[in-house]
Amino acid sequence: MALATAPTPMAPTFGIAATRWWIVPAAVFGVLAVLAIAVNPNVPSWLDIGLQRWVRDGYMWTIENSDHWIFASFFDPLSDLLDRLVESVLWVLEALRWPGVVALTAVIGWMTAGPRAALTGAAAMLGVAVLGVWALAMVTLSIMLTAVAIALAIGVPLGIWTSRSDRAERVLRGVLDTAQVMPAFVYLIPIVVFFSIGYPPAVVATVIYAVPPAVRLTNLGLRSVPVVTNEVGQSFGCTPWQQLVKVQLPMARSTLLLGLNQVIMMAFGIVVIASILGAGDLGNLVLKGLQKNDVGAAFVPGFAIVLLAIALDRISTGERTVSSRPPLIRLPSVDRRTGSLIGLVAVIVAATVAKVADLSTFPAALTVDISGSINDAVGWVQDNLRKDVPLIGGTESINDFLVTKVLEPLREFLVWTPWLLIVVAVAGIGYLSTGWRLAVGCASCLLVIGTMGAIPGGEGGRTQMWDLAMDTLSQVLVAIVISVLIALPLGVLAGRSDRAQRIMRPFLDTAQVMPQFVYLIPVLFLFGVGRGAGVVASVIYAIPPCIRLTGLGLREVPYTPREAAISFGATKRQELVKVQLPLAFRSIMLGINQTILMVLATVIIAALVGAGALGLVAYEGFTKPIQKIGQSAAAGISIVCLAIVLDRLTQAWGTSPDQQRRP
Amino acid sequence: MNSPFIDTEEEFAHMSTQRRTIRLLAASLAITGLLAACGSDDTEDADSGSVTTEPAGDAAGETPSAGEGIVLAANPWTGSAVNAYVAKVVLESLGTPVEVKDLDENSTWVGMDDGSIDAVLEVWPSGHAADYEAYITGKKSVIDLGLLGPSAKIGWYIPTFMIEQHPELATWEGFKDPELAKLFSTAESGDDLGQFLMGDPSYVTFDEQVIANLELPLKFVVAGSEAGLLTEIDKAIADETPLLLQFWKPHWKQLEVDLTEVALPEVTDECLASAAAGDGLYACDYAVDELYKAANAGLEAKNAMAFKVLSNLQLTTEQQSEIAGYVDRDGMTPLEAAQKWVDANTDLVAAWSA
């Protein structure tokens, strides 16, 4: 460990050699690389800090001491409170009945984003009813709404705090990264130990997942309020509180709304997993379909989750995406007070009519069972894409190529390379990206993986966590490259054509929110158990943000530079390649960065289709907690470390060149 | 940003209308809730269609009218749900309300420990030795309610047509032949070894040890989920391709496709000792799993009748498969299937509470 941290204190002196700045770093890294090759190529066992044992001992202590006062006086009441909150929300939704909920969706949509959102939101909600899963969908929605409210209550104040203190931002950043990337399966059973089964653990798991975007986007929004505006507020004698509430928060409104939106999307991403703990919601139906290997049966509740997400997305988007298109219908304009009164009346009428007419359940005659047609479609795909497709050969040969020619050689290379050499190489990349600070940061993250110990099994009876991490890294890198190769062209298309964007949007929503369990079976059938299937499952989940942010970036390029290029006679292609793409660079890099985090967040899903490595070890903590919780935590931390390294490096490349500073 | 101040002004105005809107909405929600709830005790609506479980936990705990209600866990396979619903039908006819909660096996143990789950009626001992030690023999917060009746067995399986083509593969010794083992190779195993597929990591597995200790030219690959196993079985049957996997009986898939268990060396005391010690020397077949029932230690004090019925409740393998067949084959809900079977076996069921 001393190897990589040694150069830090010397760093400032390098500034002297300004003309040949590269000589010193090159020498340092050269020496380090030679040392790295010379010492033990494998992680030495003395590096194990014993984390696995601590975690397991802690877990055993907890289950043996569940009569400790901290449970009776803190966790039990908290768990009761969460249970009551969810039940109250559920009670209101059930009291409104489906017509009332649909009407309420429309009213909120109308007031926050106009008639189009109202219509889409209401239609999506009605769609949930038509799928025939209304009752369970309301359970899911209650858990979601409770968790989102709590995530905002925690996230917004933390976001405000981080926007005011750089130190707080740095400290919290690591915590948020961990919350976002640590696979939920690592801590699900411990959550049950603390919060028992049912709604409370589902809410807690969802909150953990949904807080990071709330903090990040609040922070971002407040930090991007122009200094001038803040000064104006101060010069008018605003107290800090007034400054925050009357100047900064309103100014950051669109980013805050994006934050709300992301909180909701992240929360939906975990809903199926939470149902394993006995919440009895839509996720449970998804899992039941999966058990029977019935894709159609799993798709129906999965699609209902997508529709719920679309409804909440459209009505929470607010004025962020005021459409340039003319409104659908032009109504006599009313002020907001009258508008909300009318809305209120509409919701009450709908709920009352529903009660009087006894419309508590959606009429069964109007529901549509789409599981059969889904199964037919999936069957066709499975029968026809697997082999003998002209030109590309079929998914089986793609899988064989991917596993034998790409994944396995890359894994072998990474495992074969002396581990410290990889640490030094990554540090070198970090140095070239922004400097010593990043180099040391990346190296320390990788060294942490080295301290995570080993697990039983594999050749020689023990496998170092490091080797598993290299296996995971090889899969993650391949998934990232494939995702970016697919997402960039689609993103460019979405950025240049309104129609393409409109067509893609529902597919992107679906790919992002559809529980991954739903498409595991077709992916397995097409690609077979193994790493190929794992890569494909990750890619499906990870491409939407990259497509979205590439499209957004292109759209936000101001017209002036493009006009200038056109007036100089640039072709369409030149305009794209030489003007739009460079100017959208930051947004595109942010998209790639998000894709990387999504790929790492799905390492565990990949393990469910045979990708093994860290994801499987992390998952085993859920399947055999008493024996394997320690290994699981160690694997989870290793995944987080990989994520932080890849995240920091890509973020460094994403900052514009003038912000980069070489020593 | 030319005139941030004016923007801010607009935002100020906007903010206050927003706030009004939110207040109105909140009020409207509250009023609607009240209106809709007025005098409505009939809101215990059944779910819409395909749903089989109670959506919420409001039944248990709040109505202690006829014997305190209990909560049973149904783990994610048909057999487990069927047992729980048979118990539900029987206990409710005796006046004890029963809620069946769908949840995974490990949260079931934690739930039985803290009392939020009263009992689970089908535990596979091989997968839960550590839980038995921690909660039943150690902490004594959970009690063993005796055997359920059916036994289960994990083993190595191949499609039956493989045996017809290569009769040697009926026993493990057939796999010593590298040429035969290679039939089972995949991209994951590489060309030189056959693939041995293990599925759901929640099952106990000795396969990696068995392969190493019997020196078989096989590569141990983990599918990671039961869905992975089922999909590979479907493909192997559809394409008539080789497949070697860890699977078990009873399983609904066994009724649908023709798989044959590969004979492994018989279980010896030495093997059992090795399994207990975890020394990595295990080299024989899986022991038979005698399924058992477990309950929260406070069940007898909470509801003596439920304790008695659940202790006595037993099903034979045939009976359990019959009820599971109503669900898997005939598409009934577990509750309907349980009701049908209980109605046809009233004497047998009556003995549980006698």
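This report describes the confidence, the domains, the nonpolar core and a pair of strands in a predicted model.

**Confidence**

For the complex as a whole, the predictor gives an ipTM of 0.80 together with a pTM of 0.84. Chain B has an average pLDDT of 80, and 81% of its residues score at least 70. Within chain B the mean values of the elements run from 45 for helix α1(B), residues 4-37, which is the lowest, to 94 for strand β3(B), residues 119-123, which is the highest.

**Two domains of chain A**

Chain A is divided into domain 1, made up of 66-317 and 334-359, and domain 2, made up of 394-418 and 463-658. Taken over C-alpha atoms, the centres of domain 1 and domain 2 of chain A are separated by 26 Å. Where the two meet, 27 residues of domain 1 of chain A are in contact with 28 residues of domain 2 of chain A. On the domain 1 side, at least two residues each are supplied by α7 (166-181), α8 (184-195), α12 (253-269), α14 (282-291) and α15 (295-316) of chain A. Of the elements on this side, α15(A) gives the most, with eight residues. By class, the side of domain 1 of chain A that touches domain 2 of chain A has 20 nonpolar residues, six polar residues and one charged residue.

**The nonpolar core**

The largest nonpolar core has 322 residues, and those with the most contacts inside it are A205(A), A210(A), A267(A), A304(A) and L72(B). Helix α4 of chain A, residues 69-113, contributes the largest share of this core, namely 19 residues. Leaving aside residues up to four places away in sequence, A267(A) touches M144(A), A147(A), V148(A), T206(A), Y209(A) and A210(A).

Chain B contains 15 helices and nine strands, and 45% of its 354 residues count as buried. Among the contacts in chain B with a separation of 6 or more, 72% are between residues 24 or more positions apart. Strand β2(B), residues 98-102, is mostly covered, with five of its five residues buried. Strand β1(B), residues 70-74, runs parallel to β2(B) and is joined to it by five bridges. L72(B), one of the residues with the most contacts inside the core, has V100(B) as its bridge partner in β2(B).

**An exposed loop residue**

In chain A, G569(A) is found in the loop between α25 (559-567) and α26 (572-583). G569(A) counts as exposed because 7 other C-beta atoms lie within 10 Å, and a residue is exposed if that number is 12 or fewer. Along the chain G569(A) and T650(A) are 81 residues apart, and their C-alpha atoms are separated by 34 Å.

Terms used:
Residues are numbered from 1 along each chain as its sequence is written. Chains are lettered from A and ligands numbered from 1 in the order in which they are written. This is a predicted model: local features need pLDDT of at least 70, side-chain atom pairs count only at pLDDT 80 or more; totals for chains, interfaces and linings use all residues. A nonpolar core is a set of buried Ala, Val, Leu, Ile, Met, Phe, Trp, Tyr and Cys residues joined through C-beta atoms within 7 Å. A residue is buried if 20 or more other C-beta atoms lie within 10 Å of its own, exposed if 12 or fewer, and partly exposed in between; C-beta atoms are placed from the backbone. Helices (H or I, at least four residues) and strands (E, at least two) are DSSP runs, numbered from the N terminus. Two residues are in contact if their C-beta atoms, placed from the backbone, lie within 7 Å. Domain bounds come from an automatic or database domain assignment. Ala, Val, Leu, Ile, Met, Phe, Trp, Tyr, Cys and Pro count as nonpolar, Asp, Glu, Lys and Arg as charged, and the others, Gly among them, as polar. pLDDT is the predictor's confidence in each residue, from 0 to 100. Two strands pair if DSSP finds at least two bridges between them.
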